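Subject: Structure for your review

Dear colleague,

Please find below the structure that I am handing over to you.

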Amino acid sequence: MNTPEQSQLGKASAYADQYDPSLLFPIPRSGKREEIGITGALPFFGADLWTAFELSWLNARGKPQVALAHFTIPCETPHIIESKSFKLYLNSFNNSRFDSLEAVQERLREDVNEALWRGAAVRQSSASVRVIAQDAFELQKVQELQGLNLDRLDIECSDYTPRPDLLKADHDNPPVTETLVSHLLKSNCLVTGQPDWGSVQISYTGAAIDQESLLRYIVSFRNHNEFHEQCVERIFMDITRQCQPMKLSVYARYTRRGGLDINPLRTSHPMALPPNVRTARQ
């Protein structure tokens, strides 16, 4: 079983510039999910939305091409792909020739799905890939997460490792439906300890969540070491257990590292995925 410590994270790496799908390093989701009490059927729906900002290859005549790529990875895949290995894999396209953008897109789709479902008897769903050509760059938007900004609250903070017990909800009054946003989410890479900066959007229907307690809880991730996907699943489970909402979705957009951003969504109910639109910090 692959572990983060076995990956290229935090190690000197030779950058392959010829196509090499073996560079992709899948890590099982199961270990971290068991840590937060998830066994058997998943208690959520969702996906991880990746953006690759540094994608390039050579066309059939040897001329370099540049593009962006959006990856939508279903949360039910048994693996995630460690992000440095993803970067190394994408770099392996740099001096490799492909006949068309569509050929690159199909190769990305096949390789990513093989890594995500490696060892599984059946694929429940597939990751999708959309490569965006240079002439469509101007159509790419910058948009902030919508919702009431928790960061307006003047609170005192003293906890910097996750404290689910901070969360409070008012079960004595009628339920509410609201969307809350904070830009103060920060966690650290599970292996290297390097900072990961993010914004988080929490939408729910249920007993009103105390906003000050929620903001303190978000801040409490500041010194926590976990991958992006794992942090969002932890937030989802903690709010579910502590506040017992009837509906809940947690969506985080993290700033890019190594030319990649990772934006996990977890939701208690089926819903359309948000458009993979970057925020100003991304």
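Some of what follows concerns packing angles: axes are lines fitted to C-alpha atoms, for helices over the stretch in contact, and angles run from 0 to 180 degrees between N-to-C directions. Please note that this is a predicted model, in which local features need pLDDT of at least 70 and side-chain atom pairs count only at pLDDT 80 or more, while totals for chains, interfaces and linings use all residues. Residues are numbered from 1 along each chain as its sequence is written, and side-chain values use heavy atoms, with hydrogens and water left out.

The sheet

Helices (H or I, at least four residues) and strands (E, at least two) are DSSP runs, numbered from the N terminus; two strands pair if DSSP finds at least two bridges between them. An open sheet is formed by eight strands, with mixed pairing, in the order β5-β3-β2-β12-β11-β9-β8-β6. The edges are held by β5 (128–133) and β6 (148–149); each has a single partner strand, so one side of each is left without a neighbour in the sheet.

Strands β2 (residues 45–58) and β3 (residues 64–74) run antiparallel and are joined by 10 bridges. Within this pair, A47 stands opposite P74 in β3. Five residues lie between the strands in the hairpin of β2 and β3, where G62 takes a positive phi near 90 degrees. On to β5: its pairing with β3 is also in the antiparallel sense, over six bridges, and A133 in β5 is the bridge partner of A67.

Helices on the sheet

Helix α3 (residues 101–116) lies across β2, β3 and β5, and runs at about 150 degrees to β5. Helix α5 packs on the sheet as well, touching β2, β8, β9, β11 and β12 (260–267), and its direction makes about 25 degrees with that of β12. Contact here means heavy atoms within 4.5 Å.

Nonpolar cores

A nonpolar core is a set of buried Ala, Val, Leu, Ile, Met, Phe, Trp, Tyr and Cys residues joined through side-chain atoms within 4.5 Å. Buried means under 20% relative accessible area, exposed over 50%, and partly exposed in between (1.4 Å probe, protein chains only).

The largest nonpolar core has 31 residues, of which L185, I202, L214, I218, I239 and V250 touch the most other members. At least two residues of this core come from each of β8 (176–188), β9 (195–206), α4 (211–219), α5 (228–243) and β11 (247–254). The largest share, seven residues, is supplied by α5. Another core lies apart from it, with 26 residues, among them W50, A67, F86 and F93.

Individual residues

V219 is found in helix α4 and is buried, with a relative accessible area of 9%. Not counting residues up to four places away in sequence, V219 touches C157, D159, Y160 and L184. V219 and Y160 are 59 residues apart in sequence, yet 6.4 Å apart in space, C-alpha to C-alpha.

I132 lies in strand β5 and is buried at a relative accessible area of 4%. Leaving aside neighbours within four places in sequence, I132 is in contact with A67, L68, H70, F137 and Q140.

N276 lies in the segment after β12 and, at 17% relative accessibility, counts as buried. The side chain of N276 makes polar contacts with the side chains of T51 (3.1 Å) and H70 (3.0 Å). A polar contact is a pair of N or O atoms within 3.5 Å; within protein, one must be able to donate a hydrogen and the other to accept it, and residues adjacent in sequence count only if both atoms are side-chain atoms.

Cysteines

A search of the whole structure finds zero disulfides, a disulfide being a pair of cysteine sulfur atoms within 2.5 Å. For C75, the closest cysteine sulfur is in C231, 16 Å away and therefore too far for a bond. For C243, the closest is in C157, at 17 Å, which is likewise too far. C75 counts as buried at 1% relative accessibility, and C243 counts as buried at 1% as well.

Yours sincerely
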